[in-house]
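Hi everyone, thanks for coming. Please have the sequence and the model open while I talk, and stop me whenever a word is new to you.

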Amino acid sequence: MTVHPSKYRGKEVIILGLARSGQAVAKLFHEAGAQVVVNDRKPREESPEAASLEALGIRVICGGHPDNLVKASTALLIKNPGIPYHAEPVRQAMTLGVPVVTEVEVAYELSEVPIIGITGSNGKTTTTSWIGHVLRKAGLSPVVAGNIGTPLCEAVISDEAKKAGWLVVELSSFQLKGTSAFRPRIACVLNLYETHLDYHGTMEDYGGSKAKLIVNMEETDCAVLNADDSFCRLLAGKTRARKLLFSSRQSLEQGVYVQKDEEDGPVIVHRHPSGAVERIVPVSALGIPGSHNVENALAATAVCLAAGVDVATIAEGLSDFRGVEHRTEVVAEKDKILFINDSKATNPTATGKGLDAFDRPVVLIAGGLDRGSDYMELLPYFAGKVKGVVALGETRYKIKRVAEKAGLRQIKIVDTGKEDAPGALQQAVAEAYRMASEGDIVLLSPACASWDMFPSYEERGRIFKEAVHTL
């Protein structure tokens with residue numbers, strides 16, 4: 001099955017969701033002559049994007065999903081990745097045999113640029129950005145897109161894509177689940193942890209969606225996989241692609257790993273198939289701190305080696321990269337208290353990795369959308385370097401219970417919810433500031449998605465930064 005827009009002239013194509021990716025793909029199919037219908041549950045007054053699509057002649061239905069939206073004559077349904085498969089229009093389409101895809105599949109059909117795809121439960125955004133940074137240094141003019149910001153359908157038809165050497169794409173399990181033919185030339189799978197089960201239902205479905213990144217790859221492609229992750233080791237047997245492994249815990253017979261050096265301490269190296277070991281850069285020289293960022297740097301190194309970048313350029317790019325917004329981002333220092341924005345940490349594992357990056361006492365601001373976790377994974381951190389916790393959002397009392405079990409005495413609950421989300425986060429920042437002492441860190445690392453209070457983790461991080469600057 002092809003989902004190239006040119007194949008749908010005169011046919012009905014339904015776009016489910018008015019987000020930026022939905023708008024982009026709707027325009028593509030409209031320009032190709034398809035009969036496009038865009039549908040979103042939000043009321044019309046909350047959907048300003050509808051007017052610009054209607055001005056082009058595209059039909060837009062807001063305020064709910066009509067019972068007869070999907071028909072046997074519908075040729076294709078393209079859904080926003082975040083819309084679950086149990087949503088009624090998606091169920092209707094699957095019952096009627098109408099293909100259901102995400103815009104990633106469409107973008108793949110359109111792209112004339114080789115794709116590097118990156119997925120994993122944690123580290124996707126940092127690794128994707130780091131790869132783009134190194135490739136730019138190498139003069140390869142990459143376009144960085146996907147789950148990181150720019151919809152893939154926008155990216156593949158942009159003027160920048162016409163000059164690009166690579167399309168570097170962050171991909172979520174939500175996006176990958178709606179693909180069938182998608183094939184990157186280089187794929188990178190970082191890890192798999194229990195998360196998003198409210199969407200996928202089971203770990204099998206979650207892992208199977210991630211695996212779609214590599215199943216169509218050929219012998220000429222390269223799969224970069226984490227040798228320390230059991231899921232990634234399992235994936236190695238499911239692809240025909242050449243494997244390039246990375247590890248932060250073990251020496252590899254072939255691949256990228258950390259080796260001890262008497263002078264410089266741990267050093268990232270690459271062992272060639274011949275057995276020759278090539279030194280790349282000391283871990284101490286990496287541009288961003290933390291053991292999780294060592295893993296991200298190893299992955300970025302392996303991908304860039306697979307893309308043909310020389311070692312000197314990789315070393316420079318690993319050293320002068322300064323991270324991404326909302327991921328252990330330094331916001332300010334007030335009264336010798338450092339404020340860090342880690343709003344991108346949307347599960348407990350990510351928060352644990354963020355806490356691992358610091359060797360100073362931490363006052364943690366955490367909590368958000370309740371996806372069923374008990375957050376006991378955070379107990380060792382709460383019993384160690386965390387000196388105080390401010391909890392908010394749907395999970396605030398779960399976070400509080402873990403903090404109490406760890407024996408913490410400084411625990412504050414912010415009960416204000418979605419009705420005043422900015423005010424709640426401002427209150428949390430003020431409470432954390434009062435708990436902290438000179439030399440401490442106040443860290444926003446929620447361990448939860450933002451959607452109970454904020455439309456995105458970016459908005460949550462932005463409001464946190466505003467609250468810090470107005471203390």
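**Around helix α1**

Let's start with what the buried residues of α1 pack against: β1 (12-16), β2 (35-40), α2 (49-55), β4 (76-79), α4 (103-110) and α6 (152-156). Contact here means heavy atoms within 4.5 Å. The names come from DSSP runs, numbered from the N terminus: helices are H or I with at least four residues, and strands are E with at least two.

Before we go on, this is a predicted model, where local features need pLDDT of at least 70 and side-chain atom pairs count only at pLDDT 80 or more, while totals for chains, interfaces and linings use all residues. Residues are numbered from 1 along each chain as its sequence is written, and side-chain values use heavy atoms, with hydrogens and water left out.

Which residues of α1 are buried? They are Ser21, Gly22, Gln23, Ala24, Val25, Ala26, Leu28 and Phe29. Buried means under 20% relative accessible area, exposed means over 50%, and partly exposed is in between, using a 1.4 Å probe and protein chains only.

Helix α1 covers residues 20-31, 12 residues in total. From first C-alpha to last, α1 reaches 17 Å, close to the 16 Å expected at 1.5 Å a residue; that expected span is 1.5 Å times one less than the number of residues. Just after α1 comes Gly33, with a positive phi of about 95 degrees.

**Two helix pairs**

Now look at α1 beside α4. Their axes are 11 Å apart and the packing angle is about 45 degrees. Axes are lines fitted to C-alpha atoms, for helices over the stretch in contact, and angles run from 0 to 180 degrees between N-to-C directions. The two helices are therefore oblique to each other: under 35 degrees counts as roughly parallel, over 145 as roughly antiparallel, 65 to 115 as roughly perpendicular, and the rest as oblique.

On the α1 side, Ser21, Val25, Leu28 and Phe29 make the contact, and on the α4 side Glu103, Val106 and Leu110. By class, that is 5 nonpolar, 1 polar and 1 charged. Ala, Val, Leu, Ile, Met, Phe, Trp, Tyr, Cys and Pro count as nonpolar, Asp, Glu, Lys and Arg as charged, and the others, Gly among them, as polar.

The second pair is α5 (residues 124-137) and α13 (residues 311-320), whose axes come within 9 Å and cross at roughly 130 degrees. That makes α5 oblique to α13. Which residues meet here? Trp130, His133, Val134 and Lys137 of α5 meet Thr313, Ile314, Glu316, Gly317, Leu318 and Asp320 of α13. This contact has 4 nonpolar, 3 polar and 3 charged residues.

Ala428 sits in helix α17 (residues 421-435), and is buried at a relative accessible area of 0%. Setting aside neighbours within four places in sequence, Ala428 touches Ile365, Val390 and Val414.

Tyr375 lies in the loop between β17 (362-366) and α15 (379-382). Its phi is near 65 degrees, a positive value in a residue other than glycine. Is Tyr375 buried or exposed? At 3% relative accessibility, Tyr375 counts as buried.

Ala447, in the loop between β20 (441-444) and α18 (457-469), has a positive phi near 65 degrees. Ala447 is buried too, with a relative accessible area of 2%.
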